[in-house]
Each structure stands twice: as structure tokens, then as C-alpha cells.
Amino acid sequence: MLTALIALAVVLGIATAANLVLTFAVIRRLRTLEEGGTGAPDALPAVGTAVGGFSAVTTTGAEVTEADVADGDAFAGFVMVGCTPCGKLIESLAGGAATGADDPLFFVVGDPESPETRRMAATLAPVGRVSVVAEKSPATAAFGRISAFPTLLRLKDGVIAAAGHDLDDVVPASARHPKTESKSDPQTDRPARVKEAV
């Protein structure tokens with residue numbers, strides 16, 4: 001009888017330890033996903049994809065369409081409210097990080113009435129044109145069905161030439177000089193990649 005109780009206690013102890021290990025693994029994974037943004041880590045539009053038709057209104061009331069990226073070099077960035085890497089990217093851009101384009105276009109995915117969405121859009125406004133859109137909008141569909149944030153695109157004549165989650169992935173080395181002097185450490189201003197956080 002005593003041997004059976006000891007065996008039962010050992011089995012229950014092992015089961016409890018295994019349950020704790022799995023629980024902590026799930027918690028760690030959820031924290032990583034929460035800090036790392038949204039979307040699948042490699043969910044980027046394919047290089048060579050032509051930008052489809054779309055129309056959006058910027059925060060200044062101007063209309064932007066596929067014609068705005070159809071000729072020459074352009075940059076488009078998609079950020080989402082609540083995405084930690086997006087916040088770091090926006091801080092970096094506001095601090096003078098270069099996009100490699102004269103007039104970059106940013107899409108803030110979120111509720112236009114949300115204070116956080118408005119804050120993100122206002123921070124990006126000095127950097128380029130900003131439009132607030134829904135996650136499943138004509139703009140996100142036109143640029144290759146954007147589903148991970150941040151997504152940054154370098155465009156050439158209306159076609160995606162480079163796609164990534166980090167400025168270094170899409171900005172040519174020759175254009176990486178900051179627009180203004182910044183006292184920030186470039187290593188800490190660099191936005192986190194979604195794939196690194198997942």
C-alpha cells in the first residue's frame with residue numbers, strides 16, 4: 001500500500017512539473033507575440049508585385065492613389081496601433097532616420113477616432129504623407145495584402161522593389177544618412193523585426 005502511494009505521488013509530481021513547464025512556455029510565447037507586433041513573421045508582399053488600384057485620404061485631406069507611386073522611386077510604410085516594433089520605427093523616423101524617398105507614404109492601420117491612432121499619424125506627418133486606413137482596406141490589398149506590421153516597401157515605377165520589416169531591409173545604403181542630426185544611438189532606434197520577436 002505504501003509503495004502504491006509513493007508511486008502515485010511520484011507520477012503526480014512529474015505531471016505537475018510537466019504542466020508547469022508547458023504553462024510557462026505558453027506564457028513566454030504569448031509575451032513574445034505581444035511585444036513583437038502582429039502578423040506572420042515572413043508575411044511580406046513579393047518583390048516584383050505591381051501595386052494595385054487604391055484610393056485613400058491623407059490626414060491633410062489630400063487623396064493618394066496608385067498613381068502617386070507609379071513613376072520613379074517611392075517608399076510606403078504600413079504601421080499598426082499597438083505594435084511595439086511599429087512604435088520603435090516611428091520614433092526612429094521622427095528622429096531623422098532616412099526612408100530613401102523624397103515624399104514617403106505611410107498608412108496607419110487603426111481606428112481614426114482613437115487617440116493612439118491620431119498620435120501615430122501626427123508623429124509621422126512631418127516625415128511624409130499619412131493616411132489612416134482599416135486593416136482590410138483597399139490600400140493594404142493594393143500593396144500585396146499587407147498582414148504583418150510594420151511592413152516597409154521600396155517601390156520602383158509602381159512595382160515592389162524591396163520589402164521588409166526594418167528600414168535596413170528596404171532603404172539603399174546610399175540613402176541611409178539621417179535627414180537631420182540626431183544624438184540617438186542608431187542601434188537603439190532601430191525598429192525590431194517581427195521575425196526576431198516571434
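**Entry 1: ground rules**

A residue is buried at under 20% relative accessible area, exposed at over 50% and partly exposed in between (1.4 Å probe, protein chains only). I'm working on a predicted model, where local features need pLDDT of at least 70, side-chain atom pairs count only at pLDDT 80 or more, and totals for chains, interfaces and linings use all residues. Numbering starts from 1 along each chain as its sequence is written, and side-chain values use heavy atoms, leaving out hydrogens and water.

**Entry 2: overall layout**

I looked up the fold inventory and got seven helices and seven strands. These are DSSP runs numbered from the N terminus: H or I of at least four residues for helices, E of at least two for strands. Reading from the N terminus, I wrote down α-β-β-β-α-β-α-β-α-β-β-α-α-α. Of the 198 residues, 38% count as buried. I also checked contact range, with contact meaning heavy atoms within 4.5 Å. Among contacts between residues at least 6 apart in sequence, 73% join residues at least 24 apart.

**Entry 3: the core**

Which residues touch the most other members of the largest nonpolar core? I found Phe54, Phe107, Phe143 and Leu155, out of 43 residues in that core. (A core here is a set of buried Ala, Val, Leu, Ile, Met, Phe, Trp, Tyr and Cys residues joined through side-chain atoms within 4.5 Å.) Strand 3, residues 73-80, gives the largest share, with six residues.

I then listed the partners of Leu155, skipping residues up to four places away in sequence. Leu155 touches Val51, Val69, Gly72, Asp73, Ala74, Ala76, Phe143, Ile160 and Ala161.

**Entry 4: helix 2 against helix 3**

How do the axes of helix 2 (residues 84-94) and helix 3 (residues 115-124) cross? They come within 9 Å, at roughly 30°. The axes are lines fitted to C-alpha atoms over the stretch in contact, and angles run from 0 to 180 degrees between N-to-C directions. On the helix 2 side I noted Cys86, Ile90, Leu93 and Ala94 in the contact, and on the helix 3 side Met120, Thr123 and Leu124.

Ala56 is in strand 1, residues 55-57. Its relative accessible area is 8%, so I logged Ala56 as buried. Leaving out residues up to four places away in sequence, Ala56 touches Ala62, Glu63, Val64, Phe107, Ser131 and Val133. I also took the C-alpha to C-alpha distance from Ala56 to Pro138: 8.1 Å in space, for 82 residues apart in sequence.

Thr140 is in helix 4, residues 138-142. Is Thr140 buried or exposed? At 2% relative accessibility, Thr140 counts as buried. With the sequence neighbours up to four places away left out again, Thr140 touches Phe78, Val109, Val133, Ala134, Glu135, Arg145 and Ile146. Val133 is a partner of Ala56 and is also on the Thr140 list.

I went through the loop between helix 4 and strand 6, which holds Arg145. The phi of Arg145 is near 55°, a positive value in a residue other than glycine. Arg145 comes out exposed, because its relative accessible area is 64%. Pro150 sits in the loop between helix 4 and strand 6 (151-156), and the Phe149 to Pro150 peptide bond is cis, with omega near -5°.

Then I moved on to the loop between strand 6 and strand 7 (159-164), where Asp157 lies. Asp157 is another non-glycine residue with a positive phi, near 55°. At 43% relative accessible area, Asp157 is partly exposed.

Ala101 is in the loop between helix 2 and strand 4 (105-109), and I logged Ala101 as buried because its relative accessible area is 16%. The C-alpha atoms of Ala101 and Asp73 are 6.8 Å apart, across 28 residues of chain. With residues up to four places away in sequence set aside, Ala101 touches Ala74 and Phe75.

Asp168 lies in helix 5, residues 167-170. I have Asp168 down as partly exposed, with a relative accessible area of 34%. From Asp168 to Thr99 I got 9.3 Å, C-alpha to C-alpha, for a pair 69 residues apart in sequence.
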